[in-house]
Each structure stands twice: as C-alpha cells, then as structure tokens.
Amino acid sequence: VKASSMLLRSLAAASVFAAACIAAFAATPPDAPVILIQNATVLTVTHGTIEHGSVLIKDGKIAEVGASIKAPSGAQIIDGTGLFVSPGIIDCHSHIAVDGSVNEGSISVSSIANIAEVLDSDDISIYRDLAGGVTTANILHGSANSIGGQTIVIKLRWGQPAAKLPFEGAIPGIKFALGENPKRSNFSIPGRERRYPASRMGVEETIRGAFTEARDYKNAWDTYNKRTAAGEKNLTPPRRDLRLDPLVEVLEGKRYVHSHCYREDEILMLLRVAKEFGFKVRTFQHVLEGYKVADEIAAAGAGASTFSDWWAYKVEAYDAIPYNAALMTRRGVLVSINSDDAEEATHLNQEAAKCIKYGGLSRDEALKLVTLNPAIQLGIDKRVGSIDAGKDADLVIYNHDPLSAYAVVQKTLIDGRIYFDRQKDIAARAGLEKEKKTLLDKEKAAAKKPEEKKAEKPGEAKKPEEKKPEEKKKPEDMATMPQAGTDGGAQ
Amino acid sequence: MKTKLSCWCGCLLALILLLLAQAGISPQAAAQGGEPQYFAIRGAKVIPVSGPVMEDATVVVARGVILAVGGKDVSIPADALVIDGKGLTVYPGLFDALTDVGIPPATPAPSEGGIQRGGGGGGGQPPSRGPEDRPGATPWRSAADEASLSDKRIESWRNAGFTTVVSAPKGGFFPGQAAVLDLAGERNGDLVVKSPVALPLNLNPAGGFGSGFPDSKMGVLGYVHQVWLDVDWSTKAEATYEKNPRSTARPRYDRVNSALADALEDHPIVLIPANSSLELRRALVLTDRWKFPESKISAAIVGAQMAYEVPDELAAKKLPVIVNLKWPEAEKDADPDRVPSLRELRFRDRAPSSPAALAKAGVKFAFSSDGITSPAEILKAVKKSVDAGLAPDAAIRALTLSPAEILGVADRTGSIEKGKIANLVVTDGDLFGEKTKIKMIFVDGKRFEIREPERPKDPPKGDLTGKWTLKYTTPEGDEESTVELTMSSDGTLSGTVASHRGTANIISGYASADKFNFVINMVIEGSPADVNFSGTFEKNTMKGTISVLSYSIDFTGTRPGAASVSIGGAQ
C-alpha cells in the first residue's frame, strides 16, 4: 500500500507540473532517433523474458531484440541496468481525450456521434496515462445508449494535434451498452419523460430495431447502386443517414462492436442478436459475469475486457469475482484488463498483476492482459502488444518489474520517441511553477487601478519582488508545452 | 406570452410602445429638410486604407456616396457643407464583423417558444429525438428582415465609430442568415447593405446530458453533417422528382433544408466558431469535410483567440478569420482559492497577440465585438492587440476593408474610395490614441456629430470609490445591487453594477459637488436598455433614482466597508 501510494503521489505530482520533456517535440515530431536500450530485463511477452537484454529502435520501429546488440554509430544509448522494458500498455476501454461529453445521451441509438471528431489532444489525462505506461487506448463513447457512438483507437502522442492521435489503420469501433445504463435505471430527470428503453427487453428491441433499419438501408443502397451500374438514369439515391452508416459497416465487418455489459443473460442476448443479423461482437466490456458464460463467449470468438477487482457499485455488478479474468482465460476467451477511468489507467500493470494472485495466471499471461491481448482485440497486434522486431517501438521502461507494486515508469516511448521522461518531468517543474507565478503576478498588476499604481510608485516598496524580464521562449515551444494541471491528478 | 406582471415587463412594454411610436415618427427627423446631402471635409488627414495615407486631403460626400477623394484640386460642389479638416483624421467607417447589433431581441411567439434551442424541454416542447426533429435550426431567420432602428445599440455602436456591422440572429445551431447593416437610416430597410452574407453556426450543445438531441459536442457535429447532407440530397431529389413526378415517391418538404438551400444560392460564407487551437484545427477539418460535391459552401472562422498557436495552419487553408475581441480574462467572481491552470493563464496572457500572429502568417482577418456590451470597450480591445504586436495600420484594415472583403461588400464599402458608400469616422487624432475623440461619423453620407455629455464642473465633495450596496423596491419585491465604483480625480466614475439580473459595466458616470450620475446598459427581459442611476451622496450614504426609459424607482445606498476608505477628495 505504501509503495502504491508513493506511486500515486509521484504520478499526481507529475500531473501537476505536466512534463516539460514534451517541449522538445514541436507540432510535427522530429525524425525518430536511433535508440539502443542496453542491459535491461526485456519482457517480450511473446518469447519470454531476456535478462540483460537489448532493444534497438530505428525509424520508430523495434529493429532488433536480443541478448546483446552492437550499438550503431550515432545511436542514443539508454543504460537499462536494473531497469525493466515492457511493451506499451494498451487500455481497451478509455474515455480520456474527449472534448465535451462522452455520451450523446439524448437518444437510444446515438451512432451519429463520433468520438473521433472530438478528440482532445490537450487533455492532461493523456500525459498522466503516459506517465503510467499507457501508449494506446481505445477511446469509447459512454454507455448511456443501447447503441452508442462511434469509437476510435489512439496512441497517446502527447503534444501532437488531435489529428495525429488516431492509431493509423486501426479498425474503428462502435459502443453498445446493455443493462442498467442504457435502460436508465439509475437516471431520470424530474419532470421529463423517461427515455425508451426502460427494460432489458427494450434494450434488445432497440438494437434489433436499429439493425433492421440498417439492413433495409443497406438493401436500398445496394439496389440503387445495382440499378445505376446497369445504366438507369435519373434515379434518386437513398438519403444518406449518418446514424445507419456505421451500423452498415458493422454488418459488413468494417467496424468493431465493443459492448458494455455485466450480466450473463444480456451477454447471451447480444450474442443471439449478433448471430441473427450476421455480425460479430468484437469485445464484451466489463463483462463481470463473463466467467459464467465463458464457453459461449469463446465459441462466438468474442473478446472480453474486464476489471481486475472492481464491483458492487450497482446491483448488476454484484456477482463479480476477482477470478473472472483468469477463469475466462482458462476457458479460451481472449481477455484484457481495462481502466474505464483516467486514474485507473495509470496502474494497469498492477491491475494485471492481481490476476496472478486471483486465478493463478502466469507472469506472461498477466502482462498480456494489458499488452498483447488488447492489441489482438483491437486488431492492432501486428503493430503493437509485444517486443518483437518489426513492431512499433511503443515501450515502457520501469525501475522495477511492472508486475510489482514498486514499479514506477521512467520513460514511455511511442513510435520510438520518448513521450514521457520522469527525470525531465521533475526537472521542468520549477520552471513551469515560475512561469505560472509570473503570469499570475502580471494579471494582478494589470487588475490594479492606474491610480493605485501611481500611488505605489514613489516608494516602490510594495513591489512583491524584483522581476527580471522572462527570457522569451520560442513560440513553437509554447505551442506544445503541456498545460499545468491544477489538482492532484487522481480524479 | 407569459403574463408575469413585473416592472421589467412594464419596461419592455414601454419599450415596445416607444418603438412603435418611433417607427411612426421617425420620418419626421428626416423630413425636416435641413439635412445636407453634400459635404466636403477639407484639409484633413485621410486614411483611405485601400491606398496610402493622404495629408491635407479633401473628401467629398454626395448623396450617400463618396464623390471624390484627393488633394487641394478636388472640386467641391457649390452647395456642399464644407468642414474644416485641420487637425482631423478621416478613416473609413469602422466595421464590426460579427454582432447582433441591429436585431432587437425577439418577442417570443406563442407557437414557437421563441428561439428554438437544441435540447428543447423549454417552452413545453418535447425534447428533440434526433436530427430529423431539426433542433435549434431557424435558418429562415434573416438579419435583414429583423433589422430595426429601434435597437438602441445602433446609436451607441455608431457613436463608438462603427458605421457598419455584420449582424446575425442568435440561438440554436443554425441561427439564421447574417446581413451587412449600416447603422443609420430612416426606415428599417435603409439599414441593409447586403443580405444574406453569412450563415453563422454554433457547435456547442445548449443543454446538459439528457436534455434532448444533441446534448454533446460530437452529437452537434453529427447533426450538422447530416443537415448539410440533407440539404444537398433534398435539392437533388426535388429536382429529379420535378422532372418526373410519376412513379416515384415525393421527397418530404423540410423547412430547414429549403431555407438553407435558398440561402446558399447567394453564396454566403459559413461562420464556424473556433476559439482554442483544438477547435481551430477541428474547424479546418470540418471545412474539408463540408465540401461535399457541388457544395456552394465557403467558410470563415469566428473566435480564433488562440490563433497564436496555429497561425500557419490557418494560413495554409487560406480561410479568413474573424477574431473575437472579448478577450479571455479571470472571472470577476471566481473562487479566490481556485488557481487557474498554466494553460488558462497563458491563454489569457497571449490571446490579444493572436491578430499579430495572423497578420504575420498572412491570414486575412477582421474583428468582432460579439460578447462586448459596452461599445467603448471595442476599440480598447483592439488596442490590446496593437500593444501585443499588431501594426496599427493592420488593425485599422481589420476594422474596415478586411471585413468588407471577407463578407463580400468591398465593392461598396470598407475604404475611402470614389464611388463607395460614404461611411466615415472623423477623429481629432490617431484612432488608438488615448485622448483621441471621435468628432463625427458619416453613415451612408449622413452626418452624426458626437456630443460630449454635459456635466457640472464642480469638483466632487468626497470620493465615491468603494463597494456600495443599493437597496430599492420593485413590484417583484425588495432588491439589492452591489455597485463597485472607482472615481478618478476629475470626478469620472467607472466600475460595475451587479445584481441577480447580472453584472454590467458602467458606460459613463461622474460625480460633481454632492451629486452623481452613472449609466449602465443591460439586457432586461431580452432587451438592452440604458439604466440611469442619479442622486446625491454624503460620506458613506447615497440616495437617488434608478430610471429605465420612462420608469423610475428610488434607492438608498450605503458603503459598508467604508471605515477603511479615506474620505475627502480623490486620492
């Protein structure tokens, strides 16, 4: 507990001052340097642990992994003595980096809304999660709707504009939600009509109804395209419907379904509906009763993304057990552990470690819960999720074994670039504090009435301190400097 | 209409009556027959903006337009009223590139509940359940139709040097069509220079979670995308149907589609609100996306106060920008224990440097007063960006010719050129000079002289500086206002007046002997009105009258924290 609270504190502190290392990155990143990490414990996840191993990074990719690699000339050497290198952590359920509400909560099918359009590259949670080793996150719409908004996988490239965050080539998703949240059991606005659906039956009917519409819509377009291709003229195309377009993509296998769920009955319900309409459920999210229907989930080829030991916060979360991840894994389900929360994301490595205690997963199996498994679930495992030559150099360097509560992230790399560096973060804090004070003093001085200033002039005694003119920083540095948070980080 | 009886409703009624009266009498002012039609300002410094500065120059105005600009050789019509321009500077009339000045707040129609907000729930309407309900869309509203001389702000904006505004309806995601208005006329129709010139958008949800579609930013974006697609689709579908109405289903009529399609025929620019660098970059993406086939949409950005972070990206897109002059500042009543983030502080510090950054990057930009209630603050806000590095002539251009170009009226206004509308501001010095006064204004060739407010010359018998509590009784019951006054040594009063009705800056005020007077302008039940406080004071008490239009009530005031305030003259 002590160590983890220390970790939390240090993360919180990191958040307050929010890192200056990023200042080094201008709006467009410099060419990735050649980096060689030497003499570290390398947790490859796919082919064991290499003691005193090396990782060579070139052009943003892992060029070589092995016991000893000769440093190419000009390579930046990171001495990994006593350090641990793991693949970047992948959070399969995150709501960070969203500008505005994560829920379009007004309607039961809100697929017209797209998280990708409102990514917030200035959200300090990106930096905080980087400081916890997260490099990739599945940014989901909220769970207020039976069928929620469109979702997107991002890399946590802090300091880059929003357009540079999306994980290139990752298949987009859509959020579904079952149970209490979409039926609004716990939410009602006084004086306002309750939104349909209000029962689990209604949730099923809503999804069924939407896909029936989507199927008709797809047929209308197919017919139109066929007739046009056959040379018919003056046809009116069907009206484009931005609500149904993503559902057609689901039917065509071009968009993943990530469904929030808790209870076994609703999990089976969605599997039946999916089968009826001919689409796949890519992941069940939370899926706290997944251990009860693990065989059915495995048979459907769906993934499960769950919590380690977080439950009982509502009735439908009462039957959860900490063995869920391990039990599902043993029954052949592809399992990941997610955060659903900006703070939780900063210690997903510890969440994974709990599955060694509860259920007896091996160390590699545990680490996979937050690296390779979510990569597979998100269809990005060719690029990330393990330390293998050819994959993206998305790496975390810890001072201890990441499955230990003492592990603190030292550096986080994405695409072979250092996006978080603990030493640089600490070094930059004083400067940022000073800048903040200077700006606050300037505002206070400007707020004073001109006459008060005049009155003060003769004595000059009241001046708080002699301020030297701040060195002017380059504007491009300013543009990418992280904002300093105002609170202790943990929400 | 709700029939809540209150004095403010009374004021509103009084205002309406007054407006009706004005509408009836207004031709009288013009019918006096004495208004000259020809003017010559001779020997002035002229800043044409479209060309080099001219010293000792002459501007001739004839029947609303500029007849000639030049040196001594310019011939002056015999019946022109000649104005000695010695010591005077003539600028093109200032141009406020986005405001709602000229559009008096709408009286809610019983059927529509006034301006439809996204979200609904108000006015007894059920919450919107999707884009097909067309929440917050009133694109048929037209600033040209709603422009009215009854808006008191027309005069106050004009007195601050603004002859021309782009005025847009407010409310909802598609509030309506903006028009270029000149701020003077005999009939409402005289105000309109061109319409429609722009379609403003709003991309923020009006209500919170669960308030009706759309209640999130991403929902708003999806909605706006859908509307543009629908406009495009319905135009084509209707054309196809008209060609062969037999055997195909009739496309559904939709007022929003129809109004937007009609408006787009006139090639207005779509105004995309974007203030932070995040929003600015998003706006650039949106303009790309909205260029669907055969689109007539071109765009400009409105806000742009964090443009200093992304000037080159804006320049690369060649999008014009309308910079909002209501600079971010610390909240007046902010929690004193709340420490703002560094990012917030940087924004407040650097926002006024955005125009300089835009100028340097070669972006065409103009200024908007949107959010500023006191017109005297507008030029002060521009001055802040001059202090932050914007060249004064670039600032003048952004207040004159640039907005005219952006809004497509540079062929008729925006600079001092032969043949253009005679919109002029005449000052006794540099526009941004601290002591400079606007002497007269020409709107459509009509002259308006600025009168200095009369005020007694006696020195004040005490310092009014401090926080005062004013008590008075309205038909709604007892009320209180907190007035923060600052008195300068000559008796000029400034400060704020705060009550549950809102906070307003004092526009003008003075103290003389034991008398004082100050005026605020605030929106009362949707209608802006001057509220006049006058009375007498003695040490830490005051008494007097608050008057709004023809209505007045008595008040008494005390200065509670007065013990620490020195009494006996300024300073």
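## Helices α4 and α5 of chain B

In this predicted model, helix α4 (residues 217–243) of chain B and helix α5 (residues 255–264) of chain B have axes that come within 9 Å and cross at roughly 80°. Axes here are lines fitted to C-alpha atoms, for helices over the stretch in contact, and angles run from 0 to 180 degrees between N-to-C directions. Val227(B), Trp228(B), Asp230(B), Val231(B), Ser234(B) and Thr235(B) of α4(B) make the contact with Val256(B), Asn257(B), Leu260(B), Ala261(B) and Leu264(B) of α5(B). Contact means heavy atoms within 4.5 Å.

Residues are numbered from 1 along each chain as its sequence is written, while chains are lettered from A and ligands numbered from 1 in the order in which they are written. Local features need pLDDT of at least 70 and side-chain atom pairs count only at pLDDT 80 or more, whereas totals for chains, interfaces and linings use all residues; side-chain values use heavy atoms, with hydrogens and water left out.

## Helices α4 and α6 of chain B

Two packed helices are described by the angle between their axes and the distance between the axes. For α4(B) and α6(B), the angle is about 25° and the axes are 12 Å apart. α4(B) is therefore roughly parallel to α6(B). The crossing of α4(B) past α6(B) is right-handed, a term used if the near helix is turned clockwise from the far one by less than a right angle, with anticlockwise giving left-handed. On the α4(B) side, Lys217(B), Leu221(B) and His225(B) meet Glu279(B), Arg282(B), Leu286(B) and Arg289(B) of α6(B).

## The eight-stranded sheet of chain B

Chain B has an open sheet of 8 strands with mixed pairing, in the order β6-β7-β8-β9-β10-β11-β12-β13. Its edge strands are β6 (94–99) and β13 (365–368), each of which pairs on one side only. Neighbouring strands of the sheet are turned by 30° against each other on average, direction ignored. Helices (H or I, at least four residues) and strands (E, at least two) are DSSP runs, numbered from the N terminus, and two strands pair if DSSP finds at least two bridges between them.

Within the sheet, β10 (residues 269–274) and β11 (residues 298–303) of chain B are parallel and share 6 bridges.

Buried means under 20% relative accessible area, exposed over 50%, and partly exposed in between (1.4 Å probe, protein chains only).

β14(B) pairs with β5 (residues 89–92) of chain B in the antiparallel sense over 4 bridges, and Pro92(B) has Leu424(B) as its bridge partner. β14(B) is also antiparallel to β15 (residues 438–443) of chain B, again over 4 bridges; here Thr427(B) is partnered by Ile438(B).

Ser50(B) lies in the loop between β1 (38–46) and β2 (54–62) of chain B. With a relative accessible area of 36%, Ser50(B) is partly exposed. Leaving aside neighbours within four places in sequence, Ser50(B) is in contact with Leu401(B), Ser415(B), Ile416(B) and Glu417(B).

Helix α8 (residues 342–350) of chain B is largely enclosed by the rest of the structure, because 7 of its 9 residues are buried. The buried residues of α8(B) include Leu342(B), Leu345(B) and Phe347(B), as well as Arg343(B) and Arg346(B).

## Strand β7 of chain A

In chain A, strand β7 (residues 134–139) is mostly covered, with 6 of its 6 residues buried. Strand β6 (residues 89–94) of chain A runs parallel to β7(A) and is joined to it by 4 bridges, with Ile89(A) opposite Val134(A). On β8 (residues 147–155) of chain A, the pairing with β7(A) is antiparallel over 4 bridges, and Ile139(A) stands opposite Ile152(A).

## Chain B as a whole

Chain B contains 12 helices and 24 strands. Of its 571 residues, 52% count as buried.

Definitions and conventions:
Parallel < 35°, antiparallel > 145°, perpendicular 65-115°, else oblique.
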